[in-house]
Amino acid sequence: MANFTRLNVLTPNRSDWRVLVRVEKMWDTLEADVGEGLSFLFVDETGTKMHAFVEQSNQRKRFKRCLHEGEWKILTGFSVVMVNTEIRLTEARNKIALTSNTSVTPAEDSDAWIPLDIVPYDYVSNFWNDERTSFPRDFLGFILEVRETMLREDVSIPRNPLNDDPKTTNTIDFTLQDNDGDQIQCRVKGALASKFKRFWLYYGKIETIVCLLTDWRVLEDADPAHIESEEGISRFEFNPIGFDEVDHFTEIMCSSSQDSSKEEVEEMEFDYFNGCRTDNKS
């Protein structure tokens, strides 16, 4: 990464940073205090993620044209802003402000291996209030059950003072199971719930579905959901690319009662697919 600054090094006291990032996600935002906006999730070659937002409304169209999901870009001329809240969108306590001074240059696709941020299920039950779950994380497992769509109150929806219509959104609850048979209850909301429903109706019940959840929020009070989707940033993927190329993937996910020496080798292969960071492994 010569000539580029890693995202985890950025600080608010300079404006001459030069970074190489992949655009992971782009989404429109609507907040009660600032109105409409545009946000991005960037990741660098080390796997560090950082939230970015367009600071000026007249710049949104420009950044929509030059920043596309999955592409690598070189960014200069941006500002770095500190995130003052404990609950945030990434582990980084800073975010990038894209301004009229920001330059975006196309970059060649990087061949860097960027790990996922897979969380063991016991983090959900034991460490929800730990700093490691103050930001969205990744989860992997088999879908055991999908329940009916429900209309639920969602306090995160912005509403003007003159509108007393209920803050409700469509939700779907489903159960994921991990290697050892442990389970977590998941809730997908809003537009992502509609997409999940379509995928489940098409793929569900005809085969075992391995589901990868990226950037999902751990809930404080599991009643009944342990994790839920975060507006804009969360994604799901059925049978993610590569899972069926890992030796004994299905056997590992379904059972942990294996020969110890064989299990050790197979678990290493499974961890390689997960991209688990070393500090997440149990």
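I took the domain bounds from an automatic or database domain assignment. Domain 1 (7-106) and domain 2 (121-246) both contribute residues to the lining of the largest pocket, so this pocket lies between them. A pocket here is an open set of points on a 1 Å grid over the protein atoms alone, where a 1.4 Å probe fits, with protein on both sides within 12 Å along at least five of seven lines; lining residues have an atom within 4 Å of a point.

I note that this is a predicted model: local features need pLDDT of at least 70, side-chain atom pairs count only at pLDDT 80 or more, and totals for chains, interfaces and linings use all residues. Residues are numbered from 1 along each chain as its sequence is written, and side-chain values use heavy atoms, with hydrogens and water left out.

I recorded a volume of about 1400 Å³ for the largest pocket, taken as the space filled by probe spheres set on the points, which are joined across faces, edges and corners. Of its 50 lining residues, Glu-31, Leu-89, Arg-217, Glu-230 and Glu-231 are the closest to the centre.

I then turned to the rings of Phe, Tyr and Trp (its six-membered ring), which pair if their centres lie within 6.5 Å; planes under 30 degrees apart count as stacked, over 60 as edge-to-face and the rest as tilted. I found 11 aromatic pairs by this rule. Phe-40 and Phe-42 are stacked, at 5.9 Å centre to centre with 20 degrees between the planes. I found both Phe-40 and Phe-42 buried (under 20% relative accessible area, exposed being over 50% and partly exposed in between, with a 1.4 Å probe and protein chains only).
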